[in-house]
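Hello,

My notes follow below it.

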Amino acid sequence: MAELITIDDADDPRLSDYVGLTDVELRRRREPEEGLFIAEGEKVIRRARQAGYEMRSMLLSAKWVDVMRDVIDEVPAPVYAVSPAVAERVTGYHVHRGALASMRRKPLPGAAELLATARRVVIMESVNDHANIGAVYRSAAALGMDAVLLSPDCADPLYRRSVKVSMGAVFSVPYARLETWPRGLDAVRDAGFSLLALTPDAKATTIDEAAPHRLERVALMLGAEGDGLSRQALMAADEWVRIPMAHGVDSLNVGAAAAVAFYAVTSGRPSD
């Protein structure tokens with residue numbers, strides 16, 4: 001059973017995991033280095049625990065203590081009860097959901113380990129908007145993608161904003177980072193995957209004509225919002241594919257495009 005500790009001082013060192021959550025650069029450096037991430041909200045905290053992540057501590061406003069009582073009773077980590085004002089001073093923002101947890105990261109698998117068993121993979125290049133990362137993960141989980149591979153410069157899927165937007169779906173789809181780019185794509189092809197680059201370029205084959213759901217193994221490549229895939233990534237692909245557009249619209253938000261493309265990739269595949 002967790003120890004419930006009431007804290008009135010925002011400078012209490014026991015709250016250090018939660019300091020400056022709005023300082024993106026600080027948290028980007030600190031969280032991976034210290035092996036932690038922050039889960040925000042009741043559903044996300046529960047999903048993180050269900051996915052096997054170990055809790056370091058939990059930060060709750062008083063009214064959330066009863067809501068999270070079963071978790072408090074199950075975990076050995078300390079639980080800090082604070083007022084909304086203290087929570088805001090510590091984190092840097094008003095914690096609307098009233099519940100935060102510091103979770104311990106798991107070691108990342110290697111790309112080869114994921115590719116050995118996957119059939120439908122999404123590869124993201126230079127996607128650095130955390131909301132977009134979260135949206136892509138949510139669609140990947142919902143539509144049955146098996147794994148996510150990230151270029152070395154992609155944003156952290158376990159950053160608080162990514163986890164929040166994905167509603168915890170980042171815990172459902174395993175991911176790994178490719179160590180080199182775009183050379184790391186060779187290992188994906190060597191594992192038997194067809195590399196399909198999603199692009200609005202008119203020279204690309206429509207995704208319906210490409211029929212990715214009929215391919216044995218597919219790796220769908222997505223680029224950052226606005227810039228899309230780099231020229232090097234496009235040249236490394238086996239085929240360019242596009243989503244047909246109407247009414248003069250030339251592209252979709254990467255999260256929306258991912259959802260459409262994932263359905264095309266997984267359509268007709270038996271669900272788990």
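**What turned up in the predicted model**

Start with methionine 58. Leaving aside residues up to four places away in sequence, Met58 touches Tyr18, Ile45, Met68, Val71, Ile72, Pro78, Val79, Tyr80, Leu100 and Ala101. Please keep in mind that this is a predicted model.

Met58 also belongs to the largest nonpolar core, which has 55 residues. Met58, Met124 and Leu222 touch the most other members there. Helix α11 gives this core its largest share, seven residues. Another core lies apart from it, with 24 residues, including Val121, Ile123, Met221 and Leu234.

Next, helix α2, residues 42–50. Its buried residues are Val44, Ile45 and Ala48. They sit on the same side of α2, because they cover an arc of only 100° around the axis. Lys43 and Gln50 are exposed on the other side of α2. What do the buried residues of α2 pack against? The partners are β2 (36–40), β3 (54–61), β5 (99–104) and α7 (160–166). Just after α2 comes glycine 52, with a positive phi of about 90°.

Last, the surface. Met245, Val249, Leu252 and Val260 form a nonpolar patch there. Together they have about 280 Å² of accessible area. Methionine 245 is in the loop between β12 (239–242) and α11 (254–266).

Best wishes

Conventions:
Residues numbered from 1 in each chain as written. Predicted model: local features only at pLDDT ≥ 70, side-chain atom pairs only at ≥ 80, totals over all residues. Heavy atoms only, no water. Patch = residues over 30% accessible without salt bridge, like charges linked within 9 Å, V, L, I, M, F, W, Y side chains within 5 Å. Areas by Shrake-Rupley, 256 points an atom, 1.4 Å probe, with all protein chains shown as cover. Salt bridge = Lys/Arg side-chain N within 4 Å of Asp/Glu carboxyl O. Helix = DSSP H or I, 4+ residues; strand = E, 2+ residues; numbered from the N terminus. Core = buried A, V, L, I, M, F, W, Y, C linked by side-chain atoms within 4.5 Å. Buried < 20%, exposed > 50% of the residue type's maximum accessible area, 1.4 Å probe, protein only. Contact = heavy atoms within 4.5 Å. Arc of directions from axis to C-beta.
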